[in-house]
Structure formats: structure tokens, C-alpha cells
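Trainee: I am new to this structure. Could you take me through the aromatic rings?
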Amino acid sequence: MRLKLVPPRRGMVWVRDGLRVFLRKPLAFCVLFLVYLLVGPMLMLAVAPLASLGFMIATRQALEGRFPFPGVFLEPLQASRAQRWAQIRLGITYAIAVGLVFWLSDSVGGAAFDALRQAVSDGRTAPQELQPLLSDPSLQYAWLLLAGGVALIAIPFWHAPALVHWDGQSAVKSLFFSTVACWRNKGALTVFALGWGAVTMLLLMLAMTVFAVLGMPQLVFAAVTPLSLMLSAAFYASIYFSFVDSFEPQASTTPQETP
């Protein structure tokens, strides 16, 4: 596949298209995300690259007018032996890399994390009680290390599973070309991330306003869980569009959208 360069504003198109395809099959994408969550926190790291590819396949099926089923997560493993092992290598490498970031973060701010968790567990959630804990430099460094580390790891893995599945690349080659593609289109990916952040904040503010008008602000917290589920599913549905825009379109990866 040949790399393509897209303008930064394209990132918002990916957000829009992700929301649009999610709204076509909201139940299907929510079920897929729940299936992903059911694998457990430890296994979730190892299957994360495969799960992102599964959502790409689901998005393509939705664009074709089909209903995506959880089998999309297994479809990549039904490819050739070389592709199957490449996907497994990606999963193991991703789990090790993220696990290392979590370990480093815990080594920097483990005590601060424990103190914060204990305070919340004890019900000490008043601002004046949490402020000293949240202001702990070790906690801030740990959060920065965690967020920055996971973000950096995401770059080589962003397109890698799709490149293995649809272009037959090796694990190492897919990681390289994913990194190059993300760098070349860093403006669009930045807008993409900011766009999803804006959508999330907008929906949360809308929910707060609606429940406040209804005189039931306490129900906002009850709405957060299903709202988070839907936003997460829609986000994963949008990843496919960043892939097909970053590489030369091919018939196998760019289906015709059905009305």
C-alpha cells in the first residue's frame, strides 16, 4: 500500500464518519465493545490490536449494509498462517510495551496512587482533602508518563493490524509503516483526537444540562456509563476511516457505501 498525505481538517471527517456509521448499527457496535470488555483487563492488552482490527472490519461491513457480529474479532485469525502469527506477535508486543509503561508509572507514583485510592475508598472526597493528594508531584509525573507512554505506543500499532490483514505485511514492517503514516498525517490525527475530546465534553455538558432542567442532576452519573459505552464504540468505529485515508485505497479495503 502507498502512503497518502491528508490535510489536518480530515481528522474531523473521521470523527463525523465514525459517528455516522455507529448510528447506522449502534446496537452492533455497543455489543462488540462489550464483548471486548469481557475478555478481562489482562487479556485486553494482548488482544487490543486485534480488537481494533475487528472494529475496522465491523465498520466496513456496516458501510456495506451488513450487520457486524462478534465474529469480526476472529476473522483476522482465519487468514494465512503468516498473517495469523504476525497478529499474535503484535498483540504480545503491545501487551509487553503497555505493561512496561504501567510498571514505570507505578514505580514513579505508586505510593501517591495508593494514597489517592485509599482516600476515595474512605470517603474523603472533599476538594480540600483531595487537593494535597492530587498536587503530589510524583502523581503528576506518573500520570504524564502513563498518558504519554501509552500515546507513543499507540502510534506504531495504529495501522499495523490492518496492514497485516489487508496488505499481508509482517509484524515489523507493519509497525514501521504505521509509524510513518501517523507521522505524515500527525495533523489529522491530532484533530481527530481533539474532535473526539470535544464530542465527549459536548455530550457530557448536554446531559448535565438536560438533567439539571429536569431537576434530577443526580441522574447524570447514571447516564455516564451508557454514554461512555456508546462513545467508546463510536470511537473504535471511526478508526477505519483513518486507515483508508492514510493508504492508497484498494478494492479490498474501500467498500462502496450503501444508502
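Predicted model: local features only at pLDDT ≥ 70, side-chain atom pairs only at ≥ 80, totals over all residues.

Trainee: How many aromatic pairs does the structure hold?
Mentor: There are 19 aromatic pairs. Rings of Phe, Tyr and Trp (its six-membered ring) pair if their centres lie within 6.5 Å; planes under 30 degrees apart count as stacked, over 60 as edge-to-face and the rest as tilted. Trp 158 and Phe 235 form an edge-to-face pair, at 6.4 Å centre to centre and 65° between the planes.

Trainee: Is Trp 158 buried or exposed?
Mentor: Trp 158 is buried, at 18% relative accessibility, whereas Phe 235 is partly exposed at 25%. Buried means under 20% relative accessible area, exposed over 50%, partly exposed in between (1.4 Å probe, protein chains only).

Trainee: Which ring pairs with Phe 235 at 5.6 Å?
Mentor: That is Tyr 236; the planes are at 80°, so this pair is edge-to-face. Tyr 236 is buried, with 18% relative accessibility.

Trainee: Changing topic, which residue lies over the face of Trp 183?
Mentor: Lys 186 does, at 4.0 Å from the ring centre. A charge sits over a ring if NZ of Lys or CZ of Arg is within 6 Å of the ring centre and within 35 degrees of the ring normal.

Notes
Residues numbered from 1 in each chain as written. Heavy atoms only, no water.
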